[in-house]
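User: I would like to understand how the words used for a structure follow from their definitions. Could we go through some of them together?
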Amino acid sequence: MHAIDITNLDKVFRGKKGARVEALQSLSLQVGQGEIFGFLGPNGAGKSTTIKILMGLIRATAGSARIMGEGVATCAARREVGYLPENPSFYDYLTAEEYLRFVGKSFDMQAGLIARKSDEILRLLELWEARKRPIRGYSKGMVQRLGLAQALIHDPQVYILDEPMSGLDPIGRALVKEVIRDLKLRGKTIFFSTHITADVEAVCDRVGVISKGKLQVVDQVANILQRGVEGYMVQVTHPGGRSEDRFVEKEDLQGFIERSVAAHLAIERIEPKGKDMEAFFLEIVANR
Amino acid sequence: MMANKVVRTFYFAIPVLMVGYLLSVFALAGYMKSRPFVEKLGYIPTVNTMKVMAGDHKQFMGANLLLKVLFYYGGLAEKAENKLRIPADYPAMSRTMHAALKLDPYNMDGYYFAQAILTWDLGKAALANEFLEYGMKYRDWDWYLPFYAGFNYAYFLKDHDNAARHYRRAAELSGQALFMNLAGRYMRESGRTDMAIAYLDAMAKGARQESIRKVLNTRKAAFIEARKIELARDAYREKHGRLPGSVEDLLAGRYLKQAPQDPYGGRFYLAADGNVASTSGFSFAGAGK
Amino acid sequence: MFNIVAISLRAIFRDRVFHGILVVASVFLIIPSISSLSMRQVTELSITLSLSLLSFILLLLSISLGATTIWKDIERRYTYSVLSLPFERSTYIIGKFLAVALFLLLTTLVLGTVACLVVWLSSSIYPSERPIVWSNLVICIIFDALKYIILVSYAFLFSTVSTSFFLPIFGTISIYFAGNATQQVYDYINSPVSSSLPLFIKKGAVVLYYLLPNFSAFDLNINAIYGIALPVKAVVLPSAYFCIYTMLLMALATIVYCRREMK
């Protein structure tokens, strides 16, 4: 069973004056359990539309989607998911602690468990000091971290995170990446959307690129990075202590290393050179 | 720099504006006070419009209209005490009361006040009785309404049958025989004044509003004076076998110990048929004429 | 469901509107002194004023809370975070409605008690000729609350179809006036005075009379103020009408809301 299974999803919005906007066109996608999937696309590509359909906030025009085998737009499907909306906002008259209690109760968690998990998560996401203040007074980054907290509290199998890094400072981003990697270690599935390629490179197993409502490419991140490599910049040090940078062709790396060892050159650093994730992404988006 | 300049200008402007405000607010208050009653009442929409718009605030709106009339009338009564006479706008008051009673036909204040001002001041006892008979359909437990109506029929309209009918109803509702007696007494001429005194006494005792009580007590005082003259007149006739020519004759003959005072500022005189009357007609409105 | 009700009640209690209403409620304190201005019916006037003030406060509450609860959640994008939790939308909207209705009842309980105290105070200072029928007063106050709960369900229905707050607020206000007027208009249509009106207007008015809420049926002011006997039918029929009318409106509101797209 896939954690997320999307089949031939279509979504047509009716704009003003009856204009049809095809937000999604026969989108099919599977995310396996325990996988971290990056959903990459420019603004307006259909990322949020896909996620809102998964969460039952809007209905697909055609096609179907399942989460852990449950059809979307059912309580059973939502029960399996921790969802972080894009630019989230939460009842701002509540405190972080109260909000987490509300979410916990919605998932039928026991009061004692809610209290324990909530304390743990608030500390983890550095909201402990602010936990008794109304959300009204929180900074954008704090609200974003609370968004992650409320997705974590019931310890679901699947996480759907819509732009989880937005609105965070570098420390916050590092923290969120840490949390995602930790979830991965615990075998959770994470589906997150972003338009920042570096985030995908940093944490994802697989990536899907969406543009203009169509899924363009789905592939392993490692494959993409590997394919993009054209050669290597190798830094070697001569026995005399003089160091030197050399460009080595992709196919020649093995031979170069052998030759270097034979010539008593010390290899200090090997850096792949070529298209990175960003170049890959730009190429796909520009081509279609 | 710019901002400071602007702020300084305002520091200067605020005292000037304050003085201007004080001048204008007092002028406005003075004007609002001097407006005629109709204007003070403001525009009253038709009763049906009010009924539709008021929802469950009909009783409140009715009470509100009545309070407006009451404040207006109370203010006039107080001024009258200081001999400052402003003719009251009785028709407008009457119209307002009418609207109030349409909104809340149960409101006793309306009937009480209608009775208080429509009869003597306005000389519209028949209209007052229309109000009262409308009210009796609703306040079917209340003996005051037939009591007032009975008095109006007897004293002003001289309609004996209707008076008796209403007094009987009042007696039934209240369980008091007094009203039956009153019904009998007014047949005699001398009884009329007694009846009026008794009626005014009952009205004044039931009045919670100071200004209204004052008005009723003033009228009662006038009737008590008139009653004294009547008694003196009767004594004179007993002795001389004819009516005295004037109130002054009664004073000269020591039938009256002191000159009677009309609290309305009028002068008592004896009409050709011997009835006691006053140039004021027992109302401030009359005295002003 | 209880979770949503609790969280929404907390929202109302922490709202500034609620505090504003508390200030308005302080007007109750001056009712005894205003009532003493009456010539012959101090107690009756104190009941009149108390009922009007209570009704006014409930009107403000039902419009401000009823028309904004759903709209605010959409406007401030709370719906994304709340509706993705594992409960049905019907639970959400009915929970919200119950919270507002419960709050109105709570307000009615508190202010109704204050009103009764005010009336009792006025009547003890200036005893009235007409005995106060306390049961009538209590039923009248409860019916006031029921009336405004119907209004709230209209506000909810409007909120589910509209994306702005114009329709919920102004629609609810219109329903309030229309609901108060229907009986008057119906009586007029059925009186001989209206014989000159075209038939289609009369028919239209009759249709509207049966469609729009009939708030006059919930107006027991006369019975409360003047202690006029209250027939059993006047209590039972409006109560049944209230239950069915409210459930119907909320069923409609739920269907519309469940079909709505949270873009």
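User: What makes about 2800 Å² the area buried between chain A and chain C?

Analyst: Buried area is the accessible area (1.4 Å probe) that two parts lose on being put together, summed over both, so the value of about 2800 Å² is what chain A and chain C lose together, with carbon and sulfur atoms giving 52% of it. On the side of chain A, A:Leu57, A:Tyr91 and A:Tyr93 supply 25% of the area buried against chain C, more than any other three residues. This is a predicted model, in which local features need pLDDT of at least 70 and side-chain atom pairs count only at pLDDT 80 or more, while totals for chains, interfaces and linings use all residues. Side-chain values use heavy atoms, without hydrogens and water, residues are numbered from 1 along each chain as its sequence is written, and chains are lettered from A and ligands numbered from 1 in the order in which they are written.

User: Why is the pair A:Asp92 and C:Arg76 called a salt bridge?

Analyst: A salt bridge needs a side-chain nitrogen of Lys or Arg within 4 Å of a carboxyl oxygen of Asp or Glu. The closest N and O atoms of A:Asp92 and C:Arg76 are 3.9 Å apart, so the pair qualifies. The count between chain A and chain C is four salt bridges.

User: Why is helix H1 of chain A described as mostly covered?

Analyst: Buried means under 20% relative accessible area, exposed over 50%, and partly exposed in between (1.4 Å probe, protein chains only). Eight of the eight residues in H1 (residues 47-54), a DSSP run (H or I, at least four residues), fall in the buried class, and therefore the helix is called mostly covered. Among them are A:Lys47, A:Ile51 and A:Leu54.

Terms used
Helix = DSSP H or I, 4+ residues; strand = E, 2+ residues; numbered from the N terminus.
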